[in-house]
Amino acid sequence: MRISSACFLLLCLSIAAPVFAQDDPLDSLYGDSKDQGPELPEDPEALVKELQRRGRYIQALTVVNELIAKDSKSIEKQTWKASLLLDVGRHSDAKKILDAALKKEALNVDLNFLAGRLHEETGAMTKAILHYGAAIKQNPDSIAGLESSMRVGWLYLDRKARDEAGKQWLRLLNFYEKKAALSADELYIIGMACRGLDLCPEVKKQFSRPMFKYCQLMFDQALGADKRHVPTWIAYGEIYSEKFNFADARKVLKLALKINRSSPHLRVALATALLSSYELGFRRFELARFHLNEALAVHPNYPEALAALAMLEISDGFYEKAWALTEQGLKRNAIDINIRAVRGALCVFQGKLDKLEEEWAILKKDRPSCARYFATIADIVGGRFRYAEARDLAKRALDLDPAYHPALSTYGLNLTRTGFNKKGVEILKKSSDADPFNVYVWNTLKVFAKINDPTLYKTYKTEHFVLKLPAEEAPSAPFIMDLLEEAYKTLGDKYGAKPKTVHVEFFSKIEDFSARSIGLPFIGALGVCFGNTMTILSAKEKRLGKHSWGRTLWHEYGHVVTLTRTKNRVPRWLTEGLSVYEESRGRPTWVREYDRALMTARRGGLILPLAEFDSGFSKPKFNGQVMMSYYQGGMICEFIDETWGFRKILKLLDAFGSGKSQKDAVESTFKMPQEEFDRRFLRFLDKKFAGYPQSVLAPNPFAQMMQGVVLNRERRQLYDQTIIQPWDLKTRGRLARVYRVLDKSADASTMALDVKNRAETLLEGYLLRGRASLGGGQAGAAKTLAGDVLILRQALGDAEAVFAFSALKNRKLNKAKDHFKKALKLGASDLPHIHSVLAALAIEKNDYKTAALHLEAVARMIPPEAAIHRQLRTCYLKLGDKAKALEELVKVCLRDSADLESRVKVGKELYEKKRWNDLISVLGDVALINPFVPESNFYLAEALRHTKKWKDARSAYEMAIKTKYLARELCHLGLALCYEALGKKKEAIAAAQLALQDDDSLTEAKDLLERLGAGK
């Protein structure tokens, strides 16, 4: 997946505060110090229930224990205690109470309901059904009897007893019709029955409205009866999440959280909604984990919380941690669907399909028709890009229970992700019929309605590809197909991976692209690859910033080959890394300028080890880490290639494809522990960047996003070092620089002054000793002293730089310049930044000659970057040196894959100078940025014609005509000359005649017609 820089910046900014204001932890996580409700009642029963409602379980248990101490024979009070114990996961204690109480009152409806709940929550399904049945039989219209019907219905559903489940739920609806006034508890239970009946197609036919609407109606009435009814708020949040309406889910669940901050069920529901709330940025993971841990603090082995935490670990590739969490969950319930589903997904990820069947066999004994098991596994597996397996698992869920419509959406979506669009749309329509409120499905069907409309989209088919393209962008089809075939040949051969058919879909609107890619309205990416299906943002859409659709396509096709070779089992860092690695090999202009940012990350200790690498994509810990993870992945692939050769990359891919874990794949491929691989990679980086001075100031937006993390870490390290070695002036000089960038002016000045005083004193002595050593023939000692002098001079230079920036901040420009010049002369550590600042000061004074000298110095000291060449062009233009200005703009074009404006400017200048080969090098990839710019198409066509590339020139002229280049006669003339060179006399004559129709004075057109025997 390729993320746009503009969109990613917005995403990272959103993490900081504005978008997140509605999820302020001080408000939504903890609430006020006082309860948000009425005063606590004095009546003991009412007090216990109110405390239980508010999640004050320990206080409620204290009250109950006091009441039991006064009346140990009270079954009612024992019932209250058992209920509270179940809420906090103390099932063994609850069981002792319930067993003893049932011996005394075997037909007590409340005791049987709680016993049913106990056995359901601990995995004893048969006993649970027996006790629920006893409660229903004893008093069917009591709260306990009604909730028993609601709960037992779900158990019947998993036991191939849908008719019996429907009867239980219908009984509750009949109860609703008979009773005039219902309590919030009763309405909530009936609403939950409606949720269940949504999975009973034969029953649903009896009703005029969708069951979801009846469910909403019941919940609305429940909240009308009691706005503080927490179970209803939770249920509302859950159904919103099920329909992919996560914003509303969070809102209602936060309201419930103000009433009850301790409910494990509520915490898990809120965590689930947060995890899919992409608009909140990456902070959603931190918040979700917080809520899950809060749930476990109340209920230590709560399976739903443990399953959710395990899925968080899975998203980072930490399978062993996830498995350990499921083991903990099984202690509470050996047949919990969520826990078993997570374990099943882990079996798929690790290639242990026989183990998957063992997991299913355990669950199957008590839940033989539990389609939710395979549907949940499908969702987890699909979340790790294993779309074909997700598709097949969803199909297995439907084979088990065709009426389980949640699996329809998963099945249909993954069919469309794996190239089976026609069948996928058919399944999604069935899903929509069964559940018309699924936003994901609705968005996807809406997009496919456009894609499949021949007036809106054109379809192009070749032996290897099916391309869907917006009709208004049809002229770009030849460019797209040519690049696809090039990728198929180049990358397919290189990786030995050539899928039979690859589906490619272009979108001219971010809304459609996002809906097709993730089913929701927001995605900060330019392209997505599902395996043999790719979605690409076209040249027409620039709301995410400038970009090259060609580069995106090449990047995504890199995923096609790596996913194909590994059966989608490649970890994200490697598939993304290889796609980044292949970009600059596809076109020289597709290089990423992240070297200095990576240097910043290396200096700050932010390079992720392989064992944790995937978390840099899924749960970044600082702004900019996602983008840095892309580039780090690309650099690791470069490291492997340069160290062992490309065959090692293929061997690593095959190790993953065989189902090996990352640790086993890496260690078997490179014959070393992962930790040693990490160490060698760091040494590779150090060697690669050894020739460049380290800059304390972040050089570009991505590095700036991590700058605070890097500098604060460096500040602590340097400070600790000064305590250990107070005489180390080099460290003190660096610390002064860091203080300065962190805007700690007083600390920076104090440290810099200390360095200056000490260094000047030491320097004088060192120089005298050095001369004496040389005079005495002690060359070795003199060399050592010379090294010490360089260190002191650099420390002194760093101090001078601090003084310079301090003066600059106070607008004392002359003083600042003097300090900067001293810093340069002394060899300060941050030379590129100092030269950049001096260049800016010179430009401020219109001294472009001096500015150019400083910028030229910067260009020599840093890895190539387009930004420096843009600044140099400005200076050369101001100095009247058009030749140098042109060369700098050419360099910009060769460094920035998406800078269309510069290419058009260069194209015009090179066209006027007839520098045809240079023009081709600059405009050769312009169609891969935007093929609809008339001028660039014409300039490129002229250059191609003059270098005798007749076929390519003909295509460029045709595109110039389609995009309505103003000098149409020159396009037709160029076409005519190309046709002549290609031996197409008839076409050449026709094109020449068209040229003369537009301009009858064109001598070249007349001469061409004469040569072809078609003149007057």
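This is a predicted model: local features need pLDDT of at least 70, side-chain atom pairs count only at pLDDT 80 or more; totals for chains, interfaces and linings use all residues.
**View 1. Helix 15 packs against helix 16.** Here you're looking at residues 246–259 (helix 15) alongside residues 264–275 (helix 16). Their axes sit 9 Å apart, at an angle of about 155°. Since angles over 145 degrees count that way, helix 15 is therefore roughly antiparallel to helix 16. As for handedness, helix 15 passes helix 16 in a left-handed crossing. Helix 15 brings F246, A249, R250, L253, A256 and L257 to the contact, and helix 16 answers with L266, R267, A269, L270, A273 and L274. Sort those residues by class and you get ten nonpolar, two charged and no polar.

**View 2. Helix 34 meets helix 35.** This pair is made of residues 646–657 (helix 34) and residues 662–670 (helix 35). The axes come within 9 Å and cross at roughly 145°, and the crossing of helix 34 past helix 35 is right-handed. On the helix 34 side, look for K648, K651, L652, A655 and F656. Facing them from helix 35 are Q662, A665, V666, S668, T669 and F670.

**View 3. I377 in the largest nonpolar core.** Which residues touch the most other members of this 215-residue core? They are Y373, I377 and Y557. Helix 33, residues 625–644, gives the most to the core, with ten residues. Zoom in on I377 and you'll find it touching A341, G344, A345, V348, L356 and L393, leaving aside residues up to four places away in sequence. There is also a second, separate core of 47 residues, with L886, V890, V906 and C978 among its members. As a bit of background, nonpolar side chains tend to be buried together in soluble globular proteins.

**View 4. W590, a tryptophan in a loop.** W590 lies between helix 30 (572–586) and helix 31 (595–603). Leaving out residues up to four places away in sequence, W590 touches L483, S548, G550, R551, W554, E583, S584, S897, D925 and L928. For a sense of scale, pick out K949 too: it is 359 residues from W590 along the chain, and the two C-alpha atoms are separated by 23 Å.

Definitions and conventions: Residues are numbered from 1 along each chain as its sequence is written. Side-chain values use heavy atoms; hydrogens and water are left out. Axes are lines fitted to C-alpha atoms, for helices over the stretch in contact, and angles run from 0 to 180 degrees between N-to-C directions. Helices (H or I, at least four residues) and strands (E, at least two) are DSSP runs, numbered from the N terminus. Angles under 35 degrees count as roughly parallel, over 145 as roughly antiparallel, 65 to 115 as roughly perpendicular and the rest as oblique. A crossing is left-handed if the near helix is turned anticlockwise from the far one by less than a right angle, and right-handed if clockwise. Contact means heavy atoms within 4.5 Å. Ala, Val, Leu, Ile, Met, Phe, Trp, Tyr, Cys and Pro count as nonpolar, Asp, Glu, Lys and Arg as charged, and the others, Gly among them, as polar. A nonpolar core is a set of buried Ala, Val, Leu, Ile, Met, Phe, Trp, Tyr and Cys residues joined through side-chain atoms within 4.5 Å. Buried means under 20% relative accessible area, exposed over 50%, partly exposed in between (1.4 Å probe, protein chains only).
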